[in-house]
Amino acid sequence: MKIKRGSIYNMDKIRIGIVGYGNLGRGVQYASAQNPDTEVVAVFTRRAPETVKTVLPVKVEKYEDMKNYVGKIDVMILCGGSATDLPAQSAEVAKLFNTVDSFDTHAKIPEYFAALDKSAKDAGHLSAMSIGWDPGLFSLARIYFGSSLADGSTYT
């Protein structure tokens with residue numbers, strides 16, 4: 001699949017947008033600050049932007065205004081909740097940007113994937129979902145342990 005903006009490997013920095021600014025959003029901003037090849041361009045919120053106090057200086061914009069950042073942001077990190085925020089936002093944001101999220105409602109992953117995959121493919125974007133602890137790193141650990149302990153039982 002061709003990424004519309006070109007390869008991130010020929011850029012000086014990966015330009016990040018953060019959607020939602022709770023604990024995850026703050027964590028993404030701190031993590032970006034520790035990686036010199038990334039920069040947070042803006043935070044997007046459904047709250048009044050002037051009420052959002054970021055841990056490091058960055059623009060805070062209305063959620064509806066993210067469309068003004070097409071071409072200025074390489075990837076949106078979606079930091080909303082899995083119960084209501086991500087199902088409503090992810091496919092919509094994937095129409096405009098490459099995305100990464102931490103969707104973790106296991107029972108709804110197939111339907112979430114289908115909606116996100118269609119939206120991203122139709123727009124020529126990439127979307128990585130369920131990137132977190134569980135599912136995510138914990139799932140990989142289960143695969144590794146399951147492959148080395150072939151007669152073991154898996155409970156999740």
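**Entry 1: Ser 130**

I looked up Ser 130 and found it in the loop between β6 and α4, the latter spanning residues 133-148. I note at once that the model is a predicted one. The phi angle of Ser 130 is near 60 degrees, and I recorded this as a positive value in a residue other than glycine.

**Entry 2**

I next traced the strands. In what order do the six strands of the open sheet stand? I read the order as β3-β2-β1-β4-β5-β6, with parallel pairing. β3 and β6 stand at the edges, and each has a single partner strand, so one side of each is left without a neighbour in the sheet.

I then examined the pair β1 and β2. These strands run parallel and are joined by six bridges. For Val 19, I found the bridge partner in β2 to be Phe 44.

**Entry 2: Thr 45 in β2**

I moved to Thr 45, which belongs to strand β2, residues 38-45. Its relative accessibility is 5%, and Thr 45 therefore counts as buried. I listed what it touches, setting aside residues up to four places away in sequence: Val 52, Val 60, Glu 61, Lys 62 and Tyr 63. I also checked the side chain of Thr 45 and found one of its polar atoms 3.0 Å from the backbone nitrogen of Arg 47.

**Entry 3: Ile 77 in β4**

I turned to Ile 77, a residue of strand β4, which covers residues 75-78. Because its relative accessibility is 15%, Ile 77 counts as buried. Which residues is Ile 77 in contact with, leaving aside its neighbours within four places in sequence? I found Ile 16, Gly 17, Ile 18, Val 19, Val 28 and Val 100. I also took the distance from Ile 77 to Val 43: the two are 34 residues apart in sequence, and their C-alpha atoms are 9.6 Å apart in space.

I then examined the one between Arg 15 and Asp 74, whose closest N and O atoms are 2.8 Å apart. This pair links distant parts of the chain, since Arg 15 lies in strand β1 (residues 14-19), whereas Asp 74 lies in the loop between β3 (59-62) and β4, 59 residues apart. I checked the accessibility of both and found that Arg 15 and Asp 74 are buried.

**Entry 4: helix α3 and its two faces**

I found Tyr 112, Leu 116, Ser 119, Ala 120 and Ala 123 to be buried in α3. Why do these buried residues line one face of the helix? Seen down the axis of α3, they fall within an arc of 95 degrees, so they line one face. As background I noted that an α-helix has 3.6 residues a turn, so residues three or four places apart point the same way.

I then looked for what the buried residues of α3 pack against, and found α2 (85-94), β5 (98-101) and β6 (127-128). On the face turned away from the buried side I found the exposed residues Pro 110, Glu 111, Lys 118 and Asp 122. After α3 comes Gly 124, and its phi is positive, near 75 degrees.

I looked at Lys 118 and Asp 122 and found them in a salt bridge, with the closest N and O atoms 2.6 Å apart. How far apart in helix α3 are Lys 118 and Asp 122? They are four residues apart, and are therefore separated by about one helical turn. Lys 118 counts as exposed because its relative accessibility is 52%. Asp 122 is exposed as well, with a relative accessible area of 58%.

I found that the side chains of Lys 121 and Asp 117 also meet in a salt bridge, at 3.2 Å from N to O. Both residues lie in α3, four residues apart, which is about one turn of the helix. I recorded Asp 117 as partly exposed, at 24% relative accessibility.

How values were computed
Residues are numbered from 1 along each chain as its sequence is written. This is a predicted model: local features need pLDDT of at least 70, side-chain atom pairs count only at pLDDT 80 or more; totals for chains, interfaces and linings use all residues. Side-chain values use heavy atoms; hydrogens and water are left out. Buried means under 20% relative accessible area, exposed over 50%, partly exposed in between (1.4 Å probe, protein chains only). A polar contact is a pair of N or O atoms within 3.5 Å; within protein, one must be able to donate a hydrogen and the other to accept it, and residues adjacent in sequence count only if both atoms are side-chain atoms. Contact means heavy atoms within 4.5 Å. The arc is that of the directions from the helix axis to the C-beta atoms. A salt bridge is a side-chain nitrogen of Lys or Arg within 4 Å of a carboxyl oxygen of Asp or Glu. Two strands pair if DSSP finds at least two bridges between them.
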